[in-house]
Each structure stands twice: as C-alpha cells, then as structure tokens.
Amino acid sequence: MDSKEISPKKKLLILGNSLTEPFVTSRIDYECETSKIRCMTISDAKEEVANLANQAVKPDFIYFQLITNDLESASPQTCATEMKSLCEQVGETCPDCKIIVAEAPLTANVNLNHKIGAANNLMYLELLDSVVISPAGVLSQSDKITEFLQNDATGKHLNNKGTGQLVRNLKMSLTKVKT
C-alpha cells in the first residue's frame, strides 16, 4: 500500500484591530493554520512583526487589518507610508511570506471616512506592486455602510453582516495569494 504524505498546513497570521476580534480562525481557511494577534495600530503590528524574527517557524501569509485607529491622529499619507514600511519589515523578517493588506472599511464618522478613502487610495499607490490589497468592497460604499455597522459609541465596529463581509474579502484575497 502506498501511503500519501500529508503536507503541513500553511500558516496564516492575522494582525488586526478590533474589526478582526470576531474572526473565528478555524473557519478562515481549512488549508491554513490560522492565528490572530490584536494590533490596534501600525506601531503595534511593527512590534509583532519584529517578534517574528525570533520564531523558528514563520507564517506563510500575513493579513493586516489596520489604519482606522491610526487615522484618528495621523494623515492618510503618513498611514500609507507606515504601511509600506511595515510590509518592508515583513519582507526582511519573513522573506517568503505573502502579504495581504486590507482596505479599511468606512465608519459612521464622515470626517474619518474622508481620511479612510484617501488612505486606501494611497495604499494602492504605495503597495500594489508588492502585496495583495484586500478591497473593502461594499464596506467602502457610503450609501451602504450603515447596514454593516454596529450601533455602538465608536461608529467603527462592524456587525455580524459586516464581519462576514470582511472575512469573505480576506478569503478571496487569500485564494489569490495561494495561487
């Protein structure tokens, strides 16, 4: 009898803000071993990527869901530049890792949404050649965003429908980087 060798699962690391908190890692991708670390800012994510240098087993894929919190105190250009720097840091720390950067979804805050739109556009310009951008899709449409938001004080958190859409966007992007 021939025994088939089972190849080890690929490793997906999710570094994201509170939007990724409801993600059920075991249901993201059955072909990947998925772990999640909460990073509220790009700076937090940079610390976590630096910690990867000491790990023997590196992730095959990293998904970033960031910038919304950073945009409350920084410009869209600064956030896009910092995301580029973060992706370069991943390239140095985990050279074989494929990177997915998620666009930030809109919020209930119109002023913040202007910054989010600008930052998402700048991230395309800064990162498109080196990473896969996970589009926010319907979560970037101002006329539809309210049906995906929780009714909470921040106006930034997604309800179950919004989280489901964010996970679908991640899965589509992960399929793209796996091929």
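This is a predicted model: local features need pLDDT of at least 70, side-chain atom pairs count only at pLDDT 80 or more; totals for chains, interfaces and linings use all residues.

Q: Okay, let's start with H1. Which residues of H1 are buried?
A: In helix H1, which covers residues 42–52, the buried residues are Ile42, Ala45, Lys46, Val49 and Leu52. They all sit on the same side of H1, because they cover an arc of only 105° around the helix axis.

Q: Let's move to the middle, then. Which residues of the largest nonpolar core touch the most other members?
A: That core has 55 residues, and those that touch the most other members are Tyr63, Phe64, Leu66, Ile67, Met83 and Val101. At least two residues of this core come from each of E1, H1, E3, H2, strand E4 (98–102), helix H3 (110–127), strand E5 (132–134) and helix H4 (160–178). The largest share comes from H2, which supplies six residues.

Q: Why would nonpolar side chains be buried together?
A: What can be said in general is that nonpolar side chains tend to be buried together in soluble globular proteins.

Q: Take Val101 from that list. What is Val101 in contact with?
A: If we leave aside the neighbours within four places in sequence, Val101 is in contact with Phe64, Met83, Cys87, Met123, Leu127, Val131, Val132, Ile133 and Ser134. Two of these partners, Phe64 and Met83, are also among the core residues that touch the most other members.

Q: You also listed Ile67 there. What is its phi like, and where is it?
A: Ile67 has a positive phi of about 75°, although Ile67 is not a glycine. Ile67 is placed in the loop between E3 and H2, and it counts as buried because its relative accessibility is 2%.

Q: What about Thr68, is that buried or exposed?
A: Thr68 is found in the loop between E3 and H2, and with a relative accessible area of 5% it is buried. Not counting residues up to four places away in sequence, Thr68 touches Asn17, Ala104, Thr107, Leu112, Ile116 and Lys156. Its C-alpha atom is separated by 11 Å from that of Ala80, which is twelve residues apart from Thr68 along the chain.

Q: Changing topic: how many cavities of 30 Å³ or more are there?
A: The structure holds one cavity of 30 Å³ or more, and the largest cavity has a volume of about 30 Å³. The residues that line the largest cavity are Asn17, Ser18, Leu19, Thr68, Asn69 and Lys156, so Thr68 turns up again here. By type, this lining divides into one nonpolar, four polar and one charged residue.

Q: And the largest pocket, what is its volume and what lines it?
A: The largest pocket has a volume of about 180 Å³. Its lining is made up of Pro22, Phe23, Val24, Arg27, Ile28, Thr163, Val167, Arg168 and Lys171, and these residues divide into five nonpolar, one polar and three charged.

Q: Where does Thr163 lie?
A: Thr163 lies in helix H4, and it is buried, with a relative accessible area of 9%. Leaving aside neighbours within four places in sequence, Thr163 is in contact with Pro22, Phe23 and Leu158, and both Pro22 and Phe23 are listed in the lining of the largest pocket. Thr163 and Glu21 are 142 residues apart in sequence, while their C-alpha atoms are 9.4 Å apart in space.

Q: One more threonine: why does Thr93 count as buried?
A: Thr93, which lies in helix H2, counts as buried because its relative accessibility is 17%, and buried means under 20%. Not counting residues up to four places away in sequence, Thr93 touches Val49, Leu52, Ala53 and Lys58.

Methods
Residues are numbered from 1 along each chain as its sequence is written. Side-chain values use heavy atoms; hydrogens and water are left out. Buried means under 20% relative accessible area, exposed over 50%, partly exposed in between (1.4 Å probe, protein chains only). Helices (H or I, at least four residues) and strands (E, at least two) are DSSP runs, numbered from the N terminus. The arc is that of the directions from the helix axis to the C-beta atoms. A nonpolar core is a set of buried Ala, Val, Leu, Ile, Met, Phe, Trp, Tyr and Cys residues joined through side-chain atoms within 4.5 Å. Contact means heavy atoms within 4.5 Å. On a 1 Å grid over the protein atoms alone, a cavity is a set of points where a 1.4 Å probe fits but cannot get out, and a pocket is an open set with protein on both sides within 12 Å along at least five of seven lines; lining residues have an atom within 4 Å of a point. Grid points are joined across faces, edges and corners, and a volume is the space filled by probe spheres set on the points. Ala, Val, Leu, Ile, Met, Phe, Trp, Tyr, Cys and Pro count as nonpolar, Asp, Glu, Lys and Arg as charged, and the others, Gly among them, as polar.
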